[in-house]
Amino acid sequence: MEALPRIARGAGSYLYDEAGRRYLDGSGGPAAFSIGHGNAEVNAAIAAQLARVACGYRYLFTSEPLEELTRLLLALCGSEFAHVLLSGSGSEAMESALKVALQYWDARGATSRKHFIARERSYHGNTLGALSVSGFSERRRPFEGSLLEVSFVSAANDYRGLEGLAGAALTQALARELEARIVAVGAGRVAAFIFEPVVGAAGGVVPPPAGYAQAVRAVCARHGVLLIADEVMCGAGRCGSWRALEADGVVPDIMAVGKGLAGGYIPLAATVVAREVGDRILAAQGAFLTGHTYSGHTTACAAALAVQRIVARESLVRRVHERGTALLAQLRAALARFTEVGDVRGRGYLIGVEFVRDRATREPLPAERAFSHTLGRHAFEDGLIVYPCAGNVGGTAGDTVIVAPPYNASDAELEELIERLTRAVGRTVAQR
Ligand SMILES: Cc1ncc(COP(=O)(O)O)c(C=O)c1O
């Protein structure tokens, strides 16, 4: 592996290494840094909390930041939700989501509901449970045999649709497939269906076909199966609504949110649980049986509150919603000249570009060419951070790159992003 530059500092949408090189953060690393870097207000909130106390251990103390963040999250997510479990990463939040689903069925005496159904080309985290429900062969391979037994249904991808279908027809086919799978496993054995409302790294950003979330919601409801939405990457405003699924008019039973929540200032993620689900668990068993030493870490909560204060005060979710459409159109226009650009898609500030050998057939580029990784390197050398993701076609082929700038990036910075990305694509297609 090549030696990495040493990070020195960050300011707004830019990062600087020790050699003085500047990088425009065009993807928040893996879509994490919602309000950019080095924000003085967030840093002051963190320092002020540290000066008081770093952390009150969760079984001994509550704290104002913890309580305020819990209230804020419930207000942002909607009145159907009533419980928040805080953790340190998206993987932990998804692990908790799976455990909450299992505990719910246990609390209801439905002890045979232990099975999860998830989707191919999905990513839910690196811990064994979260990895088990991830349809991501490259990340699973060394651990196969020790993962939970999970059923996978097809990815919901308009560009690479099941049997060449797209839009509402694809949605219907996918809903039928999910229902058939639930019936085949036995509805009384299925605990939950897990999906990313907008797929991130596993597909190079894949928004759902029309009506998909509502259709799977209805299938799950018919069979009493819980719906778990993984909004670790696509939530917290990244797609232009605070919950990504708001745009689809769907409320899941359990959702996970991470990355943009505390914007990378301190690791923090949350599992947000519907009232009915959490109340049942608490009534029957008194507590959620999940959590870690630093769950609800006081300073992490203070950081998230400061980030969310800025997001609200500066109407950044609205900006992402409004500016995202234009950013997508600008990227499409700038990249149209390259025949290798097969698709530019996304929602809000979560945008993916897919590269192909043939636009008409959508045949992927040869995996040996490592196009997306080369592109990521070229962009980085030119001072732009984007997120290359390979393997979205069958696990080895397929090249995509994710663009996910900070919500408060200026118009000039977004122009610069487009310009540098276009330059990097030009350099990469020229190199054979
Ligand atoms: C959709 C999704 N879920 C879960 C995770 C895991 O989050 P973390 O890396 O914070 O553990 C990620 C990370 O990229 C993700 O994109």
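**Ligand shell and sheet packing**

The ligand is surrounded by 16 residues, and the closest are Ser89, Gly90, Ser91, Val232 and Met233. A residue counts as near when its C-beta atom, placed from the backbone, lies within 6 Å of the molecule. This is a predicted model: local features need pLDDT of at least 70, side-chain atom pairs count only at pLDDT 80 or more, and totals for chains, interfaces and linings use all residues. Residue numbers start from 1 along each chain as its sequence is written.

**Ligand shell**

- Helix α4 (residues 90-107) gives the largest share of the shell, three residues.
- Helices (H or I, at least four residues) and strands (E, at least two) are DSSP runs, numbered from the N terminus.
- The shell holds six nonpolar, eight polar and two charged residues.
- Ala, Val, Leu, Ile, Met, Phe, Trp, Tyr, Cys and Pro count as nonpolar; Asp, Glu, Lys and Arg count as charged; the others, Gly among them, are polar.

**Sheet**

- Seven strands form an open sheet with mixed pairing, in the order β4-β10-β9-β8-β7-β5-β6.
- Strands pair if DSSP finds at least two bridges between them.
- β4 (81-87) and β6 (150-153) are the edge strands, each pairing on one side only.
- From one strand to the next, the twist averages 20°.
- Angles run from 0 to 180 degrees between N-to-C directions, with axes fitted to C-alpha atoms, for helices over the stretch in contact.
- Strands β9 (residues 254-257) and β10 (residues 269-274) run antiparallel, joined by four bridges.
- Val257 has Ala270 in β10 as its bridge partner.

**Helices on the sheet**

- Helix α3 (residues 64-77) packs on the sheet and touches β4 and β10.
- Contact means C-beta atoms, placed from the backbone, within 7 Å.
- The direction of α3 makes about 125° with that of β4.
- Helix α4 also packs on the sheet, touching β4, β5 (115-119), β7 (190-195), β8 (226-231), β9 and β10.
- The direction of α4 makes about 25° with that of β10.

Technical notes. Contact = placed C-beta atoms within 7 Å.
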